[in-house]
Amino acid sequence: MANTASLKIDDKEFPLSVMIGTEGEKAIDVRKLRADSGYLCYDQGYGNTGSCESALTYLDGDAGILRFRGYPIEQLALHSNFIETAYLVIYGELPNAEKRKEFGLNLRQHAAIETQMQKIFEGYPKDAPPMAMLASIVASLAAHYPHLATNDFSKDLASFDLATAMAMSKIRTIGAMLYRYMNGKPYIAPKQDLPFCENFLHMMFSEAHQDYVSVPEVARALNLLLLLHADHEQNCSTATVRMVGSSSANLFTSISAGIGALSGPLHGGANVAVMQMLQNIHDDGDDGSRFIAAAKSGSKSNRLMGFGHAVYRNFDPRAKIIGQACEDLLKKLGVNDPLLDIAKRLNETALKDEYFISRKLYPNVDFYSGIIMRALGIPVSMFTVIFAIGRTPGWIANWREVAANPKGRIYRPRQIYVGPTVRDFVPMEKRT
Ligand code: CMC
């Protein structure tokens, strides 16, 4: 494997060093290129730019590989649960029994939202977009817990543990409270004795006079869904968290920015768009062929939602796991969902279609996650909120890598300016 590279511009040659990751990923280090040559690298959307070194998640989009801290997603999905995987993602190792207990306890102790913070909800219209509310309420954690709104946890790991527990546990509680608020229902307080997912379902679905008791299959499905979303390398929201964190902004503020990035329909909002698409097909009595034909027009607004991925070019390993889990869950719960049948038909048709084959477009994780959430009784408006709860450990771990890097510098990409060249100011009376 090459150790050095060089770039020739006209007759001048610029030596560049080569970086190789632990999985053999190769990169050319261009950090000094601009200073040496006057050229910068153009890579709109950063599709071929390594913006950091990271020890968290390994993803090979061509081979359909996803690993957290070295552990294959398939093994974690089979043997672990969301909280254990969150610990792994954040702290780098699977917890032993003692660490696992301590982590769980910390999460349980910081699940509640104080009365003063609850008032923030009341300031929003009941039909406000939940992700907009989530982003701003999470940002307000920095105002409510200013002692944790620091990026200097290097000497004070206990504070990082506390901020981590708060972020994970409270974002989950805020999510459930949003649902209650939007539906005009009183909040249900978290219970100390319930595991993370069961507690979320309790806060969503219990009533003052009757506790919701989740069947094991439901809690397991929610665990799996959150686990599969725990981290995903330098996706749009995670890169946002890192970028904001690189200015030494605190954890809560950085996560809030990540929630904003996640809300877009091309990222976390895709699971909502998938359900809307399946529902439209169902309502139209179409077999999906019209949608497939429209998707092939090349227009961005007609894309087959839940298909394609910015990095997976073979298959999305999460989609394989979740597709199977979706079928199993519906069978166990005895749910017959016509949208699942439509999804399966679309999947089969698209995978035989030259347009999708030649562009390597396969179902992604969002293609089936909406159907699972629907079976769990979670409304479409909450889908991206659930994604945010699942992605929180990845955001925390990425933020920490940035905050803990003594050599880290503020993220500051460059641009190619294509606006007007210099011109003189025109006074108002002379403007046409
Ligand atoms: N339906 C129809 N055509 C598509 C689709 C689609 N879903 N996705 C990509 N294409 C076309 C695209 O127009 C392009 O065509 P052409 O070569 O003729 O110009 C070609 O396929 C290659 O596109 P690409 O470079 O693979 O796409 P991208 O990297 O720019 O975008 C994407 C990736 C995920 C934004 C896109 O596939 C998409 O919009 N999918 C639907 C939305 C979706 O499901 N998003 C969830 C992503 S998974 C959740 C997460 O990890 O964030």
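Start by selecting Glu207 and Lys185: the two form a salt bridge (a side-chain nitrogen of Lys or Arg within 4 Å of a carboxyl oxygen of Asp or Glu), with the closest N and O atoms 2.9 Å apart. Glu207 sits in the loop between helix 9 and helix 10 and Lys185 in the loop between helix 8 and helix 9, so the pair ties together parts 22 residues apart in sequence. Helices here are DSSP runs of H or I, at least four residues, numbered from the N terminus.

This is a predicted model, in which local features need pLDDT of at least 70 and side-chain atom pairs count only at pLDDT 80 or more, while totals for chains, interfaces and linings use all residues. Residues are numbered from 1 along each chain as its sequence is written, and side-chain values use heavy atoms, leaving out hydrogens and water.

Arg180 is buried at 1% relative accessibility, whereas Glu207 is partly exposed at 25% (buried is under 20% relative accessible area, exposed over 50%, partly exposed in between, with a 1.4 Å probe and protein chains only).

Move on to Asp353 and Lys296, another salt bridge, with closest N and O atoms 2.8 Å apart. Asp353 is buried at 15%; Lys296 is partly exposed at 35%.

Finally, select Cys197 and Cys326. The whole structure has 0 disulfides (pairs of cysteine sulfur atoms within 2.5 Å). The sulfur of Cys326 is 17 Å from the closest cysteine sulfur, in Cys197, too far for a bond.

Definitions and conventions
Helices (H or I, at least four residues) and strands (E, at least two) are DSSP runs, numbered from the N terminus.
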